[in-house]
Amino acid sequence: MSKVSPARGMRDYLPSDMRRRHWVIGRIQEVFERYGFEPLETPALERIETLTGKYGEEGDRLLFKVLKRGEGGARGEADMGLRYDLTVPLARVMATHRDLPTPFRRYQIQPVWRADRPQRGRFREFMQCDVDTVGTTSPVADAECLAVVHDALVALGFSGFRIRVNHREILRAMVDHMGVPELEGQVLVALDKLDKVGREGVDRELVERGVPAAATSQLWRLLDLAATGLDSAAALDALAAELSPAGRAAAAQLHAVLDNAASLGVPATHLRFDAALARGLDYYTGAVFETVVLEPDIGSISGGGRYDGLVGMFSGRELPAVGVSLGIERILVVMDELGMFPDLGSTTQAMVVALGDDELPAALEAAATLRGAGVSVTMSHEALRFKRIMRDADRAGVPWLVLVGADERASGVVALRDMSTREQVVVTASQAAARIRG
């Protein structure tokens with residue numbers, strides 16, 4: 001690989017890439033704001049103590065750490081890190097700005113960094129689009145997360161997707177039923193990899209983590225109770241009947257979330273209770289969500305859940321919270337593979353060209369008039385031959401060409417050419433602007 005290429009897992013975004021990214025982010029942002037979420041941004045760097053101990057053993061291992069300045073850095077000591085997600089920074093914001101009204105509803109669209117192994121749809125720098133509600137335990141807030149994901153994906157043109165839901169207290173009750181409550185963390189870390197490694201892979205990891213074979217058999221029996229053939233409500237009830245009162249209470253909470261999501265317009269065909277869904281981050285305390293597209297198989301494109309204890313880690317003030325994140329990078333990969341993007345040509349509407357050095361001042365004036373009328377204009381900075389002009393305009397993908405030659409300069413007009421039809425008219429710059437905008 002060339003020494004001047006981006007670092008592994010990082011990418012350059014060329015104009016065609018950026019047009020697609022802006023289009024996708026714009027559709028998602030419209031949905032976020034339709035639900036009444038307000039924008040927030042936080043720094044790329046956080047104190048290392050803010051980040052560590054929040055994501056579990058694997059998450060902490062994937063943090064990008066920044067060395068201290070001076071002698072501490074020489075010893076390999078770190079005092080800051082690049083943010084791993086947008087949820088922990090939000091919790092830090094709530095602890096820092098105690099006067100924020102609650103429930104506090106925010107959306108955040110910013111890059112995050114993880115020292116992960118790059119692969120298809122997974123990068124070390126990527127954009128997350130989050131919505132979160134802080135300060136309420138209402139299942140309506142959880143249901144809104146599901147509705148936001150549904151509406152955002154529909155706005156992007158998706159139809160074949162499924163939002164999987166579970167509850168961390170159901171998982172805890174399952175581990176208790178297995179008879180190994182002290183190994184809850186070990187079981188959930190292994191179970192979170194089920195989609196990637198299958199049952200055999202999870203079995204091997206559970207053995208490595210010290211989970212007895214009899215307990216593992218109980219795990220698969222419970223998961224089989226919530227069979228794929230059952231609808232979500234029936235699967236949830238079948239599993240809950242085997243669990244402790246705490247597990248049944250969590251199932252009732254999840255029923256309320258699903259019922260509220262249905263009232264918000266999320267079809268049952270897009271929702272599925274999945275008893276194996278663990279979500280690997282340690283800070284989740286209640287309902288958890290993950291969205292997958294049915295084709296192609298690229299993993300989750302959205303994830304989130306309830307994290308009622310995270311804000312209290314920073315402030316000692318318990319504030320319940322729930323949120324969900326959409327992963328732009330995987331969404332872009334899927335949309336590209338499925339041919340879902342509309343024709344996103346250049347955002348530039350016109351190219352202005354002087355046909356001679358003497359015409360450059362008049363061409364500049366024409367460009368200023370067009371821009372003043374709200375037309376997006378690119379400008380050739382030197383006089384060009386007509387063949388080169390046409391080639392450059394075609395390559396740039398601009399729909400209109402504005403030419404200023406000696407005759408146009410003398411008459412105070414421009415030649416306006418429609419690049420799709422190759423038809424050309426002579427008009428004033430103001431008339432050209434009206435035609436382009438029309």
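Is D195 buried or exposed? D195 is exposed, with a relative accessible area of 57%; here buried means under 20% relative accessible area, exposed over 50%, and partly exposed in between, with a 1.4 Å probe and protein chains only.

1. Ground rules. This is a predicted model, in which local features need pLDDT of at least 70 and side-chain atom pairs count only at pLDDT 80 or more, while totals for chains, interfaces and linings use all residues. Residues are numbered from 1 along each chain as its sequence is written, and side-chain values use heavy atoms, with hydrogens and water left out.

2. Overall picture. The protein has 18 helices and 16 strands, taken as DSSP runs (H or I, at least four residues, for helices; E, at least two, for strands) numbered from the N terminus. Along the principal axes, the C-alpha atoms fill a box of roughly 90 × 60 × 50 Å. Of the 438 residues, 50% are buried. Among contacts (heavy atoms within 4.5 Å) between residues at least 6 apart in sequence, 68% join residues at least 24 apart.

3. D195 and its partner. A salt bridge is a side-chain nitrogen of Lys or Arg within 4 Å of a carboxyl oxygen of Asp or Glu, and that rule gives 26 salt bridges. One of them joins D195 and R164, at 2.8 Å from N to O. D195 lies in helix α9 and R164 in strand β7 (residues 161-167), so the pair ties together parts that are 31 residues apart in sequence. R164 is buried, with a relative accessible area of 8%. Both residues belong to a network of salt bridges that also links D274, R279 and E290.

4. Helix α9 deserves a look. Helix α9 (residues 194-208) has 15 residues, but its end C-alpha atoms are only 15 Å apart, short of the 21 Å that a straight helix would reach; the expected span is 1.5 Å times one less than the number of residues. Where does α9 bend? The bend is at E200, by about 75°, as the angle between axes fitted to the seven residues ending there and the seven starting there. The buried residues of α9 are L194, G201, V202, E205 and L206, and their cover includes α8 (184-191) and α10 (213-225). After α9 comes G210, with a positive phi near 85°.

5. An arginine without a salt bridge. R83 sits in the loop between β4 (78-82) and α5 (87-96). R83 is buried yet has no salt bridge, and the nearest side chain of opposite charge, E46, is 6.2 Å away; Lys and Arg count as positive and Asp and Glu as negative, with His and the chain ends not counted. A polar atom of the R83 side chain does lie 2.7 Å from the backbone oxygen of P111. Leaving out residues up to four places away in sequence, R83 touches several others, including T42, P43, L51 and W113.

6. A buried glutamate. E144 is in helix α6 (residues 139-155) and is buried, at 16% relative accessible area. With residues up to four places away in sequence set aside, E144 touches Y35, R105 and L264.

7. Two further salt bridges. D394 and R422 meet at 3.0 Å, N to O. This pair links distant parts of the chain, 28 residues apart: D394 in helix α16 (residues 386-396) and R422 in the loop between β15 (414-418) and β16 (424-427). R391 and D392 also meet in a salt bridge, at 3.8 Å, N to O. R391 is partly exposed at 40% relative accessible area, whereas D392 is buried at 17%.

Technical notes: Polar contact = N/O pair within 3.5 Å; in protein donor to acceptor, adjacent residues only side chain to side chain.
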